[in-house]
Structures are given as C-alpha cells and as structure tokens.
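Please take a moment to look over the sequence and the structure below.

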Amino acid sequence: MIESLSSQAIATASQMQAIENLIFQAGMPVAALMEKVAIRITQRLTELYPVQSHPHVGILAGSGHNGGDALVVARELHHQGRQVKIYTPFAKSKPLTRVHGCYAKSLGIPFVSLEALPDCDLLIDGLFGFGLARDVVGDVAIAINTINNWQIPIGSIDLPSGIHTDHGGVMGTAIQATSTFCLGLWKRGLLTESATPYVGNLERISFDIPEKFILQVLGEHHLWRINPQQCLLKNFPISRSVITHKYEIGHLLLVVGSQKYGGAAILAAMGAKATGIGMLSIAIPNSLKPIILAQVPDALVIDCPETESGEIASLADLDLQKYQAITCGCGLSLDAFPIVEQVINSDRPLVLDADGLNALASMGKAQIIEKLNQRNSSIILTPHWGEFCRLFPDLREVERLEALQTAVNQTKATILLKGARTAIAVPDEAGTQTWINPESTPALARGGSGDVLAGMIGGILAQGISAKDAAIAATVWHSQTAIWLAKQRTEMGVDPVTLAQNLLPFLQFSKTDK
Ligand SMILES: NC(=O)C1=CN([C@@H]2O[C@H](COP(=O)(O)OP(=O)(O)OC[C@H]3O[C@@H](n4cnc5c(N)ncnc54)[C@H](O)[C@@H]3O)[C@@H](O)[C@H]2O)[C@@H](O)CC1
Ligand SMILES: [K+]
C-alpha cells in the first residue's frame, strides 16, 4: 500500500520539502537520509554502469544537498575501485555537502576542472535538485552546455540540473540526462512535455517515506503517474461471461468519416474492433458505404444522407439510445456541426474527437460549459494542444496541466490531452484527478493514430468500463503497442494501420512476456 501511494503520487518541490521536514522532525537525521538515498543510487548505477565497462566517473557536485548526494555516490564509487573525479563550480556549499567534500578529499579523490572530465565513461549530475531557485547562468551554464556536447552517459540525481521541479521548464539551460534517478516521490516537472527531452530513462529511487507523511502533505491528492504495466494487467483482456451474447459485450456507434477523410472512419473502426466489442455500427456519408464494408465487413454500416461536399448531412431517425457508447468526430469535417450537436444531446457515453471537438469549439466557451454540464452520462474529449486551445482559448497561456485541470473543473468532462506525455483529467467529487502517461514514442506523431485511439476508447467504454478507466487503459495500450512496434520496425514503421493491427498481438506479447 505504501509503495503504491508513493509509486504513483506526483509532488511539487514544496510538497516534497514538506514531506522531508516531517521525516526529519520525527527523528530521522538529515545525514542518515542522504546516506540511505545515495547508497540506493549507487546500487542502481552499479547495475546500469558496471565497474568494468565504466571505470572512469566524473561527479558534478552542486552546493546543496543534491551535491551532497553526489559526493556520497562519489565516495562509494571510489570504494568500488573506480577512478573518480569531482568537479564543482561553487566555492561555498551547505554544511553537510561540505563535510562530504572534505571526506572525499581525504580519500584522495581529486577535485578537478571541467577540462579534466571528457575522458570519463560516466558523469553523475548532482548540480541542482529540487532546490533550483532561479535561472542557471554564468560558469555553471557554460559547464552544462559543454557537458551536453560530450556524448558521455549522464546519470542525473533527482532531476536533470536546470529543469524546474514543478513546471518542467528549462531554467536557462539544463543537463540532457541519459538516466534520471528521481528520489522519493515523482516530481511534477519530470513528467511534463517540456522536460521530456532532458530526462532520458526516468526511474524512481524509493527511500521508504512513511505513508502518513505523504497523506498529511498531499491530502486529497490530485496528480498521479500511471504505471503502464499494472494498467495493462488490470484492464486486459476485458473479461466476458462464458454464456454472454454479442449485445451484452457492448454496441458502439461510430459517427465518422467524410468523402475527404474516409480513411479516418476505417482507422477508428480498426481501433474499436481490437477491443473485442460485441457490435460495431458505423454511421458514414452514404457514398462511403462500399469502401467501409470492404474494409470492415463485420460492422453494421449506416449510410446517412450526404451533403454536396461529402459530409454526413443528418443522422435521420437513427435511435441513438440503443448504443452503449458513441465515438464521434474522426474525419467528420467541420460541416457536420448539427450531427455533433445531436450526438452530444443524446446523453449516451460519448467520445468526442477531431472535428467533433472543432464543432464543439465553434459553439464558444460559455455554451460548451453549459452543454457539457447538462449531460448526465460521461463524455471524453480527446484534444491535442491545438484543439484544446480552440475549445478553451482563455487557457492558451496557462501551463498545460493547470489548463487541463481548469477545463475539467469547468466542463465536468473527462479530458484526454494528447501529446508526448498524454494527461487524462477526470472530474471527481474530491476535485479533478489527473493521470499522466509516462511512456510514449514520437512514432505516434502521425496522421491517423488519434483515430485508432478514439475507436479504442469507444470500444472499451461501450463494454461498461468507466470513462476514467477507458481513457487511461486505451492510452496505455495505444502507446505501449507503438513503443513495442518501434523497437521492431523503427519509429518510421508505426503507421496507424500497422498500429491497429498489432494492438492484439501486443497484448498477447505483454501477457507472455512476464
Ligand atoms: N531535503 C533532504 O534532506 C534530502 C534531499 N535530498 C537531495 O537534496 C536535494 C535538494 O537539496 P537542496 O534543497 O539543498 O537544493 P539543491 O541541492 O537542489 O540546490 C540548491 C542549492 O543551489 C543554489 N542554487 C539554486 N538555484 C541556483 C542557480 N540557478 N544557480 C546557482 N545556484 C543555485 C541554492 O542556493 C542552494 O545552495 C534533492 O533534490 C535531493 O537530491 C536527498 O539527499 C534526500 C534528503
Ligand atoms: K541533478
């Protein structure tokens, strides 16, 4: 239980500091905690960078306790028989950091200039942790930029130095880490889009924070890191009774496609089919019927009246109540605005994607809030940042996660904000809960991969799974499949058709890979 709370909670610098203060007030000596943390970092470094292959190590030590951690690591790596050198750009340091520096000197570990480091096999970055208070400038900034050009693996302690703990922005400049060893709780900034190019492989080093201190500081906590492996295990395969029938496993309606964007309808259908949905109906403009039937013979195709320019003109007298969920918007084109309104008014569990979102945006924010608050069943909006800003233009200048949480507070919709670090925010009585997907691949930055995702979410939602779980599970499944495929086919090889076709083989692989 303790591990599950501390392995998922995301903290800001001030929250982390408050938790550490509680630990110290309760009697844990500061030096003992630093020792414990640094020993655990050393153990992990030894696994990743063995002595034989990485005998020369450079330590970048700052003036605070991040530097203190680095100096303890320096001592331990020295005792393993490695050639360790320490570089510190600061004349003064905190008392505990200073005494570790003195002891390192007494052991004969040399303090060197930057010029002495390029022959190292590994660098340990302990310049700044969550105490970074302002932009990095002067000699330290020059040192960081120089080190980034060396192509030597860098292990950052807690955060890549220069990354802001809370918003993940680059404070002047920042270390580009190969691995980041985040200490205690996940720091908010590490899971943001802006920090992602600097973080490298991100892992957490636990130091056994008592649960009561986490709860005392985080209280009604609102920000969580998804554990992709646990999420897949928990959600897939979606179970079904042995005596079930097709209408019991959910009936999903896709309202998708136009003459211009016919492929989006097929991709959404492929995503939906992979979820094992019992019945799939697809409402499309009638001229698309032959092509959709050829590609998705198992779907019920509803050929709708069509506008002159090839969009769905109306859903005619289609009874929307008979569907367990609707996914609307992929390839719809903007002229289908009245259709989107009809679908929103239906009060069925709904996924709104792409042009469905653009149609919603055209209503203006006040009406969006009113419409979405009126709904009695769940709605999931799946915008990327551009679509999000069209929906909520007043939040354009607000930091991404804050903007997301504000929009969910206002609309009471579940919003899945797509990107390199997709975030899913869910309305909740205790306040908006936000979940961050920590692993993805740029292979997904490709036209059509969002259509597959929208179909997947609809398929899962129609099987009676909550909006929160459907959005999170589909996001993880989608990104983990892409990561798996990119390893086999390179990032160039993860086109949306291949992605959709491999959703089920990936699940099979992930079950047998245990
Ligand atoms: N609080 C604790 O007792 C523990 C903290 N730990 C480590 O301590 C770190 C936090 O330590 P600190 O609070 O000492 O802070 P940091 O070590 O992150 O850095 C703060 C120091 O850098 C200076 N500084 C801040 N911004 C600067 C800038 N732009 N340019 C130049 N100097 C700047 C500050 O004056 C201060 O001396 C964590 O990230 C973690 O690595 C761990 O040892 C576990 C226990
Ligand atoms: K650091």
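**A helix and its surroundings**

In helix α16, the residues Arg-400, Leu-401, Ala-403, Leu-404, Gln-405, Ala-407, Val-408 and Thr-411 are buried. This is a predicted model, and the description here follows its computed coordinates. The buried residues of α16 pack against several other elements, namely the helices α14 (365-374) and α15 (385-391) and the strands β9 (223-225), β16 (414-417), β17 (423-426) and β18 (433-436). Just after α16 comes Lys-412, which takes a positive phi of about 65°.

Stepping back from this helix, the chain as a whole has 20 helices and 18 strands. Its radius of gyration is 26 Å, close to the 24 Å that the globule rule gives for 514 residues, so the chain is as compact as a globular protein of that length. Along its principal axes, the C-alpha trace spans about 85 × 45 × 45 Å. Of the 514 residues in the chain, 57% are buried, and of the contacts between residues at least 6 apart in sequence, 72% join residues at least 24 apart.

Glu-203 is found in strand β8, which covers residues 201-205. Is Glu-203 buried or exposed? Its relative accessibility is 19%, and because buried means under 20%, Glu-203 counts as buried. Leaving out residues up to four places away in sequence, Glu-203 touches Arg-44, Leu-48, Thr-180, Phe-181, Cys-182 and Trp-186.

Asp-119, by contrast, is found in a loop, the one between α5 (95-106) and β4 (122-126). With a relative accessibility of 49%, Asp-119 counts as partly exposed. Once its neighbours within four places in sequence are set aside, Asp-119 is in contact with His-56 and Lys-85. Finally, the C-alpha atoms of Asp-119 and Ser-239, which are 120 residues apart along the chain, are separated by 55 Å.

Note on methods: Residues are numbered from 1 along each chain as its sequence is written. Chains are lettered from A and ligands numbered from 1 in the order in which they are written. This is a predicted model: local features need pLDDT of at least 70, side-chain atom pairs count only at pLDDT 80 or more; totals for chains, interfaces and linings use all residues. Side-chain values use heavy atoms; hydrogens and water are left out. Helices (H or I, at least four residues) and strands (E, at least two) are DSSP runs, numbered from the N terminus. The radius of gyration is taken over C-alpha atoms; the globule rule is 2.2 Å times the number of residues to the power 0.38. Buried means under 20% relative accessible area, exposed over 50%, partly exposed in between (1.4 Å probe, protein chains only). Contact means heavy atoms within 4.5 Å.
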